Amino acid sequence: MDFTYNFLKANTLSDKFHMILTPDNESRPFLIRFSLLTQMGIFGELNFKTMLWFANLYTVLLIYVFYRKYKFSPLFLSIISLTVLNLCNWEVYFRNDVVTYQLASIALSAYLFYFVTTDYKQHSLFSKIAFYIFLFIVPFGSAIGFIAIFFILIYSFLRKTNPHWLIILILLGFQLFIYQSHASNDDPSNSLFENIFKYKFEIVWAYFVSLGGMFQFFSNSIGYALAGMTGLLIFLSTSYFILRNWQSKTYDFEKLLFLFSAASLAVIVLNRYNYWFVGIESVLVSRYKIYGILILIAGLSFLVKYKSSNLFKYTLVSFFIAVYTIWLFKSLFSLNQKKETKMMDAYNLEQKMVNNDKANNTFEAGFKYEYLKEKKVFNSGDVYNMVTKMLNNGVVVYPDSAQLKTVDFDPSFESDWGKKNTKLSRIEVMGKFPASNRYFIKIIDKNKHSIILNALGRPLSVAKRIFQTKDDIDFLYREFEMSYYKLEMPLMYEVICIQ
């Protein structure tokens, strides 16, 4: 939203071009900005649902690459589908920003690896044109695209492949020039070397936990240990297979995929450990699990070839079906919560109850939003109307008691990136609330102004979510940033139950 506002306000073509390449953290997210401008050019407005469909063409590209590489092994393709498309990666496919910078870089890199490791003469003219386009744009999704170009450069030099390594080197120099010429004076919060010396062994353990994130089924020490040991096993076994076959050209694609994924995850862990949340949680978010999965795929490609029996392959497929099913139920809950939170954000924004004189971690600055509404580029009014209709059809219950307090521990307050002035607030309501699909807490201030937050009940295991029938509940809560809203004490509370 910030980019769209600044782009529309820019007076000259030079200024607009500069806005497209303006840094965001360590990257130049050209691809997400190109997606925004393409949609604006075609439809005249921004629609995040439409953009998500468009951006997931990168998903199609990634699956296409794996299909071309492993089309003669349908059981292995099944394993790839169950891991790459596993909902433990839900942010990669359902968040517009993550799709258009992280998934884009991964999918484009996978295509580049496939292209350079196959016979140049066998590729069509269209494939060759796509290769050069992807080679140029890959670092403009995320800066990790430079890792892909680096390994392709080394590979072309060692294998004497087409395109010639000098062409790739010249292109790399041009890309680095573009990055540097649009550099920002703002330094990242922590450099790689600062984190190495600051966290030492913690960084190493965090790397393997993140690598095995697909198997982190529990958010506790047991879950972290399981993920860490699994990640270490995946890394060591894949490294062994690759070193054992280092001279063979047959596995060049897997070697590049492994090196790219391992190096990318290392950069992410070094930059993001203790970043959003205290400790290891920052590198266990959904969008980082895919790098460990790509390393797993590289390792399994060797194992499936060595263990050619169908019984072994069917056992692997059955195992990953079980893993897929577990994450399906775990991640659907997260997806629904994310959706409800965004719906309530839109509702409270349209209610003029948000303190957004300047931007914060959730809301863009109010004057920028009003400008985009005025230009009819973006408007959350449709979501507001949908939410209003939904709430009007709900059952209102007055809680027996309520408690508003500050949380004892706010993981983002203590993190390197958070640096907030206040901790999260937590509202807890007790009473008898009828069994419902969704619950919302309405907070009403002394002036009868209100905000609405989506509420959570007591945590349930995956098994209970699947098999337990819905019953009346007696407790709901929500943690939120009190300072983001225009609420004046004293406060009253209602619970809205939606079927």
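**Working through the model**

Modeller: Let me start with M390, which is found in helix α19. Helices here are DSSP runs of H or I with at least four residues, strands are runs of E with at least two, and both are numbered from the N terminus. Note that this is a predicted model: local features need pLDDT of at least 70, side-chain atom pairs count only at pLDDT 80 or more, and totals for chains, interfaces and linings use all residues. Residues are numbered from 1 along each chain as its sequence is written, and side-chain values use heavy atoms, with hydrogens and water left out.

Biologist: Is M390 buried or exposed?

Modeller: M390 is buried, because its relative accessible area is 14%. Buried means under 20%, exposed over 50%, and partly exposed in between, with a 1.4 Å probe and protein chains only.

Biologist: What does M390 touch, leaving out residues up to four places away in sequence?

Modeller: M390 touches M343, M344, R438, F440 and I498. A contact means heavy atoms within 4.5 Å.

Biologist: Let's zoom out. How many helices and strands does the chain have?

Modeller: The chain has 20 helices and 7 strands.

Biologist: What share of the residues is buried?

Modeller: Buried residues make up 52% of the 499. The accessible surface comes to about 25000 Å², and 61% of that belongs to carbon and sulfur atoms. Those areas come from the Shrake-Rupley method with a 1.4 Å probe; for residues, only the protein chains shown count as cover.

Biologist: What about contacts across the sequence?

Modeller: Take the contacts with a separation of 6 or more: 72% of them are between residues 24 or more positions apart.

Biologist: New topic. How much space lies in the second largest pocket?

Modeller: About 340 Å³. The search runs on a 1 Å grid over the protein atoms alone; a pocket is an open set of points where a 1.4 Å probe fits, with protein on both sides within 12 Å along at least five of seven lines. Grid points are joined across faces, edges and corners, and the volume is the space filled by probe spheres set on the points.

Biologist: Which residues lie nearest its centre?

Modeller: K69, Y70, S73, T250 and E254, out of 15 lining residues. A lining residue has an atom within 4 Å of a point. Both α5 (57-70) and α16 (289-306) supply at least two residues of the lining.

Biologist: How does the lining split by class?

Modeller: The lining has 6 nonpolar, 4 polar and 5 charged residues. Ala, Val, Leu, Ile, Met, Phe, Trp, Tyr, Cys and Pro count as nonpolar, Asp, Glu, Lys and Arg as charged, and the others, Gly among them, as polar.

Biologist: Where does F253 sit?

Modeller: F253 is in helix α15 (residues 252-272). It is buried, because its relative accessible area is 1%. Leaving aside neighbours within four places in sequence, its contacts include V65, F66, K69 and Y70. K69 and Y70 are also among the residues nearest the pocket centre.

Biologist: Backbone next. Which peptide bonds are cis?

Modeller: The bond from N162 to P163 is cis, with omega near 0 degrees. P163 is in the loop between α10 (145-159) and α11 (165-181). The bond from M489 to P490 is cis too, with omega near -5 degrees. P490 is in the loop between β6 (473-480) and β7 (492-498).

Biologist: What about phi at K352?

Modeller: K352 has a positive phi of about 60 degrees, although it is not a glycine. K352 is in the loop between α17 (310-350) and α18 (366-374). At 47% relative accessibility, K352 counts as partly exposed.

Biologist: And K376?

Modeller: K376 also has a positive phi of about 60 degrees and is not a glycine. K376 lies in the loop between α18 and α19 (381-392). K376 counts as exposed, because its relative accessibility is 66%.
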